[in-house]
Amino acid sequence: MISTTTGKRKVELSELAGTSVRVPIKAHLLDGSVILFADGATVAGSAVTGSGRRFDALRRELAPSAGIALDSVIGFEVYERRVNPFRTLVYSSAATAVTVIGTTAILIALFGSCPTIYGDSAGSQTLQAESFSYSIAPLLAKRDVDRMSIVPDAAGVIRLVVKNEALETHHLDHMEVIEVRHGRNEIALPSPRGGAIAVSELATGAMVRDGAGRDVTTLVARTDESAFSTDDGLLDRAIAGGPTDDHLTITVPRRPGVDSVGLMLRARSSLLTTSVLYEHLMGRQGALALDWMGDLSRITTLAKLASWYGGNFGMRVEVQDGPRWRRVIRLMDFGPTAWRTVGLAVPSTRSVDDSVRIRLVFAADAFRIDQLSIAHRVRRVEQRNIPIARAIDSEKKARADIVTMLSRADDREVETHPGDHFSIEFDAGREADAIRTFFFAGEGYYVEWLRPSWMKQGHAAQPFSPAQTPMREMLRSWKGGRDSLELLFFSRRVPIT
């Protein structure tokens with residue numbers, strides 16, 4: 001459970017007795033088995049009851065089940081009736097399943113919130129990307145593009161490992177590698193507007209200040225993981241009633257005759273939005289969070305969530321145009337695990353003192369920013385899409401079906417559960433003389449598992465309401481539980497075997 005300072009009272013389990021869940025749900029049990037409640041279920045006392053079908057760890061059907069004790073459950077998942085709830089293509093063996101989830105520590109595992117992508121070089125794995133971090137429902141499925149540091153091996157092959165390290169079900173629709181060729185003195189970057197850009201001639205003399213007035217130029221000058229975070233004094237003032245946004249303002253001398261500059265940003269989200277998801281969107285609703293997640297298949301529910309989220313989170317990029325600030329773009333896609341590097345062209349407009357001023361605006365303490373640079377030259381570059389050539393599952397078996405299902409964005413999906421992983425290979429070719437940078441592109445969505453502890457200790461008997469969840473309250477609960485959440489998030493994950 002996330003520690004907070006909101007002052008909310010603890011609700012006894014008896015107060016939730018009789019809470020009905022109307023959407024189809026799966027209960028994942030400690031022994032690796034699963035119970036399907038196709039018509040929903042009821043939380044009553046310390047148990048969940050309903051008309052259920054039980055399956056063992058290898059998904060062989062057992063005797064029907066009328067319910068299960070909450071203490072026997074790892075998590076609850078919403079699923080759709082229209083699809084086979086067991087179409088998992090990368091499933092661990094029964095022994096592995098018990099190893100992965102048969103431990104009390106996993107009940108508080110807080111890691112991920114999306115598929116994690118590792119580069120595999122001679123058996124050594126390095127984190128390269130995390131995909132569709134906030135795609136928590138089918139209608140939110142989207143394509144993410146991440147810059148990678150990996151290069152092809154001597155045979156021209158790029159090997160990646162796709163992992164599910166969280167208490168989630170991942171629905172993977174499309175994966176590919178993108179090759180970008182560029183000059184030796186250029187840096188190739190994925191653009192939030194789509195496609196790729198190459199930047200060069202990084203500006204000198206740039207200055208960066210934050211919303212608290214601090215000079216953080218040195219802190220964000222280079223890639224070293226010594227990252228910017230919001231000043232605690234500013235966060236305290238936001239909680240006490242002040243503005244809830246922070247910002248970074250980059251000031252750089254304007255170069256005559258240059259119409260646009262390149263902004264290069266390396267950042268990741270803090271765990272603020274993870275805290276909001278776990279506590280406000282899910283934990284406080286208790287069992288009713290399952291109905292709320294099921295309702296995300298409705299456009300009206302989704303539109304309300306998107307409007308609320310867009311108004312409070314993400315990052316606005318603005319440029320000063322004379323005396324006013326003009327919005328360039330809003331960035332939404334940063335996960336909390338892997339650093340994401342993006343680039344975009346920003347108009348080189350004239351500020352009041354003939355400098356170029358760019359401002360990044362975001363919710364207080366919502367981002368960790370490792371590098372922030374301005375380039376005087378920026379251009380669009382061509383890219384080559386490289387499809388998956390081969391896939392190998394966790395049993396070292398070739399999987400042509402995975403290749404087929406991930407080769408294009410359609411209604412065919414690879415589904416993975418906690419602890420699942422598989423490898424994919426791409427034939428990039430051997431071109432020693434070419435300067436190439438590779439991006440990973442992934443599309444899909446994930447379904448968060450509702451923890452039994454959330455069902456026991458939900459603070460509300462009503463679905464999540466954006467109007468009743470002010471930003472100030474979310475910042476207060478985030479600061480109260482920040483240290484413990486960060487410690488758990490980065491030290492405990494579902495093991496991959």
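1. Pro 115 sits in the loop between α1 (94-101) and β8 (116-121). Helices here are DSSP runs of H or I with at least four residues, strands are runs of E with at least two, and both are numbered from the N terminus.

2. A word on the basis of all this: the model is predicted, so local features need pLDDT of at least 70 and side-chain atom pairs count only at pLDDT 80 or more, while totals for chains, interfaces and linings use all residues. Residues are numbered from 1 along each chain as its sequence is written, and side-chain values use heavy atoms, with hydrogens and water left out.

3. What surrounds Pro 115? Setting aside neighbours within four places in sequence, Pro 115 is in contact with Ala 129, Glu 130, Ser 131, Phe 132, Val 162, Lys 163, His 170 and Leu 172 (contact means heavy atoms within 4.5 Å). Leu 172 is 57 residues away from Pro 115 in sequence, with a C-alpha to C-alpha separation of 8.7 Å.

4. Next, the sheet. Five strands form an open sheet in the order β9-β8-β11-β26-β24, with antiparallel pairing (two strands pair if DSSP finds at least two bridges between them). At the edges are β9 (124-130) and β24 (390-393), each pairing on one side only. From one strand to the next the twist averages 30°, taken between N-to-C directions of lines fitted to C-alpha atoms, on a scale from 0 to 180 degrees.

5. Within that sheet, do look at β11 (residues 157-163) and β26 (residues 421-427): these antiparallel strands are joined by 7 bridges. Val 161 stands opposite Ser 423 in β26.

6. Glu 425, also in strand β26, deserves a look too. Glu 425 is buried, with a relative accessible area of 12%. The Glu 425 side chain makes polar contacts with the side chains of Arg 159 (3.1 Å) and Arg 390 (2.6 Å). A polar contact is a pair of N or O atoms within 3.5 Å; within protein, one must be able to donate a hydrogen and the other to accept it, and residues adjacent in sequence count only if both atoms are side-chain atoms. Beyond four places in sequence, Glu 425 touches residues including Val 157, Ile 158, Ile 388 and Ile 392.

7. Finally, the overall picture: the protein has 8 helices and 27 strands, and buried residues make up 56% of its 497 residues.

Conventions. Buried means under 20% relative accessible area, exposed over 50%, partly exposed in between (1.4 Å probe, protein chains only).
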